[in-house]
Each structure stands twice: as structure tokens, then as C-alpha cells.
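Subject: Structure for your review

Dear colleague,

Please find below the structure that I am handing over to you. My findings follow it, and I would be grateful if you read them with the coordinates open.

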Amino acid sequence: MSKLIIIVAPSGAGKSTLVKKIRKDFNELKESVSYTTRKMRADEIEGVSYFFISKEEFQKKIDHDDFLEWALVHSNYYGTSKSFIKQQLDNGHSILLDIDTQGADALKAIYADKAKAIFICPPSIEELEKRLINRGSDSPDVIKERVANAKKELLKKNDYDFMILNDDLEAAYKELKKIIGEVLNT
Ligand code: ADP
Ligand code: 5GP
């Protein structure tokens, strides 16, 4: 049965790093590329990282009911394409999604057991802040907002199907790989 594998984590927990590894090991997973109003980062690629659109375009998509779910996250809008998900599921594919806690809750409500959410937890808020600073992709104000939001998101760390502590990257990935393998085989 096709599945929705949702990776959820506060910003800076290491989600993108882990998703890159999943991409290599699980070729069969179709990745949902979200739409966002956030500015593109230097290392990002249009249509691969996200579809980068204006607030006006995003609003139009909401009006046309193009999103399966959408949310305001760290002062920017993010949304999951309804047609993409529907098409992949219709074709029997499993899907990988990197979305926030609001999006994970929305998709779990729609798809129930077909959707499995894995929460990636940082070792501490201090370490998460260090990672965001070292990543060098966000301004100090943006980092402050993401750290404040992380404190709230971490309260939900045990609300999902699985929780992985991303302290040692390789150990965290080993656990993640095992979980995804099991989910895809059930
Ligand atoms: P997210 O996608 O969750 O915002 P990233 O994957 O961009 O997070 O990771 C944030 C930063 O932390 C990156 O610079 C990444 O290289 C680093 N990082 C990720 N996992 C670990 C880890 N286990 N230990 C140390 N640094 C890590
Ligand atoms: P970033 O700006 O760091 O790429 O992402 C910020 C947050 O938005 C992350 O938690 C990411 O998972 C989340 N996000 C990305 N796409 C979507 C989406 O389509 N829907 C929702 N709800 N969250 C998303």
C-alpha cells in the first residue's frame, strides 16, 4: 500500500540533512515539493527545494483549492500541492514530505494510518540554535524566531508515530532508515 512518510522537525534539527540521505537510499519515494512565499536561499533550486511564489500567487492557489494543506510557518506561507499527492497515490507511489507540525497534523487527519509522521528532535534548544547559526542561511532575527517556534514545536515531539533524536547524525539516520524501510513494507 502506498504511504505518506512525513518528516517533521523544528528548523535546525537536521531534517534537510536527513532527507538528502533518504533521497539517495529510497529511490522509490516521490518527494512532495511544497510551494512557499519564503525567499530562496543561496543553495536552493526552484522546483526542487520549493516552488517559490509571491504572496498573491499563494493566495490564488488557496482560492483555487490547490493545497491539500497550507500553513503560516515562521512568518512565511507553505503549502502542499493537492494534485501532486493525489496523482502519486493514484499511481501507487509512496510519498516523502518535509512539512511542519501543522501540516503533519492536517495530513494525519486526512490519511490516518496511510500517513506516518516521524519527528526529528535536536539534542537541546542550545544545540539547535548553534546549528542554525553555523548553517549561516538565516539572519539573527530569523534565527531568533525559529528558536522561539522550536520551543513550542518540541512540546509535540511525542505526538507522532515515531521520534528520533538527531544527536549523532549517522546514528539518527540509521534509525530513520530502519523506520522508513519498515513503514514501506507494511
Ligand atoms: P533543518 O532542515 O531541520 O532546518 P538542516 O538539515 O539544515 O536542518 O541542519 C541544520 C544544520 O545542522 C546544518 O548546517 C547541518 O549540517 C547541521 N546538522 C544536521 N544534523 C546534525 C548533527 N547530527 N550534528 C551536527 N550538526 C548537524
Ligand atoms: P524552511 O523555511 O526551513 O525550508 O521550512 C520551514 C518549515 O516549513 C519547516 O518546518 C518545513 O518542514 C515547513 N514546511 C515546508 N513545506 C511545508 C508545507 O507544504 N506545509 C507545511 N505545513 N509546512 C511546510
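Predicted model: local features only at pLDDT ≥ 70, side-chain atom pairs only at ≥ 80, totals over all residues.

Five strands form an open sheet in the order 2-7-1-8-9, with parallel pairing. Strand 2 (30-31) and strand 9 are the edge strands, each of them pairing on one side only. Strand 1 and strand 8 run parallel and are joined by five bridges, with Val-8 opposite Phe-119 in strand 8. Between strand 8 and strand 9, also parallel, there are four bridges. Here Phe-119 stands opposite Met-163, and Ile-118 stands opposite Phe-162.

Strand 8 is mostly covered, with seven of its seven residues buried. The cover extends to both faces: Ala-115, Ala-117, Phe-119 and Cys-121 are buried on one side, and Lys-116, Ile-118 and Ile-120 on the other.

The helices

Helix 1 packs on the sheet and touches strand 1, strand 2, strand 7 (95-98) and strand 8. The direction of helix 1 makes about 165° with that of strand 7.

The nonpolar cores

In soluble globular proteins, nonpolar side chains tend to be buried together. The largest nonpolar core of this model has 43 residues, and Ile-7, Ile-22, Ile-118 and Leu-176 have the most contacts inside it. Beyond four places in sequence, Ile-7 touches residues including Val-19, Ile-22, Leu-96, Ile-118, Ile-120 and Leu-176. A second, separate core has five residues, among them Phe-52, Ala-71, Val-73 and Tyr-78.

A loop residue

Is Ser-32 buried or exposed? Ser-32 lies in the loop between strand 2 and strand 3 (35-36). Its relative accessibility is 11%, and because the cut-off for buried is under 20%, Ser-32 counts as buried. Apart from neighbours within four places in sequence, Ser-32 is in contact with Thr-80, Phe-84, Ile-85, Ile-95, Leu-96 and Leu-97.

With kind regards

Note on methods. Residues numbered from 1 in each chain as written. Chains lettered and ligands numbered in written order. Heavy atoms only, no water. Pairing = 2+ DSSP bridges. Helix = DSSP H or I, 4+ residues; strand = E, 2+ residues; numbered from the N terminus. Contact = heavy atoms within 4.5 Å. Axes fitted to C-alpha atoms, helices over the stretch in contact; angles between N-to-C directions. Core = buried A, V, L, I, M, F, W, Y, C linked by side-chain atoms within 4.5 Å. Buried < 20%, exposed > 50% of the residue type's maximum accessible area, 1.4 Å probe, protein only.
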